[in-house]
Amino acid sequence: MKLSQKAKNINPAVTLALTSKAMDMIKEGIDVINFSSGEPDFETPDYIKKAGIDAIENFSLYSHSDGVKELREAITKKLHNENNLKYSYNQIIVCHGAKQALNNAFFAILNEGDEVIIPAPYWASYPEIVKKCGGKPVFIYTQKEDLFKVNVNMLKEALTSKTKAIIINSPNNPTGMVYTEDELKEIANFVVENDLFVISDELYEKLIYSNKIKHTSIASLDKEIYDRTIVINGFSKCYAMSGWRIGYTASNKKIATIMANVQNHTTSSVNVIAQRAALEALTSSNPILENILYEFKKRRDYTAQRISDIPMLSSLRPKGAFYQFIDVSKLFGYTIDDITINDSEDVAKILLDKYRVCVVPCNMFGYDKYIRLSYTTSMQNIVEGINRIEQFVKQNF
Ligand SMILES: Cc1ncc(COP(=O)(O)O)c(C=O)c1O
């Protein structure tokens, strides 16, 4: 039986595999601290849930395949007011999470063999989505000294005649770094000069922990880069709505029309109930964000400080998102109970099996010397989990 080679090239989602092992252990009654989750640990606020419940009573048929018009209009207002971006509602496509938005975007722009520059560390699904759409991921390994951000010199080195697009993810998963407007301007000039596209993943845009740092969408910098950017955004992270599965793209009209056709023949519209709930999230004046930001900032401050106090580990203080990206390479080469630590996966396995702490090894993000810790769990769990990590290091090294 011969299956598709293209499909067989897609790697499994390791984050989910590790989380599910931790979940199985928790079900068996083992007290595991789970730092692997990539979603807020808050419930969707009641006023948004209520809009979903009302929608069940009132909307049960297909919506337009590109999304409910009121929602697309609300998204254009948001993009205008918050991001200085002007779109009409028919340039917006509401998708099944930011993940489908990314799939639509790459499907729309890639031909077989086109290269996509992915700055590493990267969110694990990017290379797989690019491959699925016929493209070839080309990685740039950014450095801690550059705050894990890509610059024009690095881009020049990665550029070939096949380069089609660059992914920019700011705030970044897994590093928590945020690009400044000046940094984005340089990248934008490079993109325009070399006739490329940018896929700008802005899913964590509201989760920034300093008033002095501002999120900038690269598409807002000028008309030329606007035309070449597909903005990716959604409701999963900033509105605690990961399970509702609502994301969207904003792009020039020509690309939007192609993505609309792709989506129409894939899933049609996102379910209307979730779309109505997202509309409420966007148009209500309820202060959900302040509460989420306040809580995450407290956890970020605590986590960053505790990790920097543990010998052998090092980490930059994240500016946004909800992840701590931790260098564990000083532990490599040591042997613990017959297991020699060679990479981040060995560290993650020992932490889970022996210390009951679940973290994500960053080999799947392109960085084998790092683990990712999500502070999407209670402060009490964070304190206990970091105590265990500290114990692991102090007992063994
Ligand atoms: C950087 C980034 N982009 C996209 C996604 C996908 O988000 P969604 O849940 O909206 O599909 C994630 C989810 O973890 C992410 O971290």
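Predicted model: local features only at pLDDT ≥ 70, side-chain atom pairs only at ≥ 80, totals over all residues.

A: Helix α13 covers residues 344-355 and helix α14 covers residues 379-396. Their axes come within 11 Å of each other and cross at roughly 105°. Angles from 65 to 115 degrees count as roughly perpendicular, and α13 is therefore roughly perpendicular to α14.

Two packed helices are described by the angle between their axes and the distance between the axes. The next pair can be read in those terms.

Helix α3 is made of residues 46-58, and helix α11 of residues 272-283. The two pack at an angle of about 140°, and their axes are 8 Å apart. α3 and α11 are therefore oblique to each other. The crossing in which α3 passes α11 is right-handed. On the α3 side, the contact is made by Tyr47, Ile48, Ala51, Gly52, Ala55 and Ile56. On the α11 side, Ile273, Arg276, Ala277, Glu280 and Ala281 take part. Taken together, the residues of the contact of α3 with α11 are 8 nonpolar, 1 polar and 2 charged.

By class, the contact of α5 with α6 divides into 5 nonpolar, 2 polar and 2 charged residues.

Pro121 lies in the loop between β3 (115-120) and α6 (125-132), and the peptide bond from Ala120 to Pro121 is cis, with omega near 0°. Another cis peptide bond joins Ser170 and Pro171, with omega about -10°. Pro171 is in the loop between β5 (163-169) and α8 (181-193). Phe148 is not a glycine, although its phi is positive, at about 55°. Phe148 is placed in the loop between β4 (136-141) and α7 (152-158).

The helix pairs can now be set against the division of the chain. The domain assignment gives domain 1 as residues 5-43 + 288-396 and domain 2 as residues 46-283. Helix α13 (344-355) and helix α14 (379-396) lie within the bounds of domain 1. Helix α3 (46-58) and helix α11 (272-283) lie within those of domain 2.

The C-alpha centres of domain 1 and domain 2 are 26 Å apart. In the contact between them, domain 1 takes part with 34 residues and domain 2 with 38 residues. About 3,200 Å² is buried between the two domains, and carbon and sulfur atoms give 64% of that area. Leu316, Lys319 and Tyr367 supply 20% of the area that domain 1 buries against domain 2, more than any other three residues.

Notes: Residues numbered from 1 in each chain as written. Heavy atoms only, no water. Axes fitted to C-alpha atoms, helices over the stretch in contact; angles between N-to-C directions. Helix = DSSP H or I, 4+ residues; strand = E, 2+ residues; numbered from the N terminus. Parallel < 35°, antiparallel > 145°, perpendicular 65-115°, else oblique. Left-handed = near helix turned anticlockwise from the far one by under 90°. Contact = heavy atoms within 4.5 Å. Nonpolar A, V, L, I, M, F, W, Y, C, P; charged D, E, K, R; others polar. Domains from an automatic or database assignment. Buried area = accessible area lost by both parts, 1.4 Å probe.
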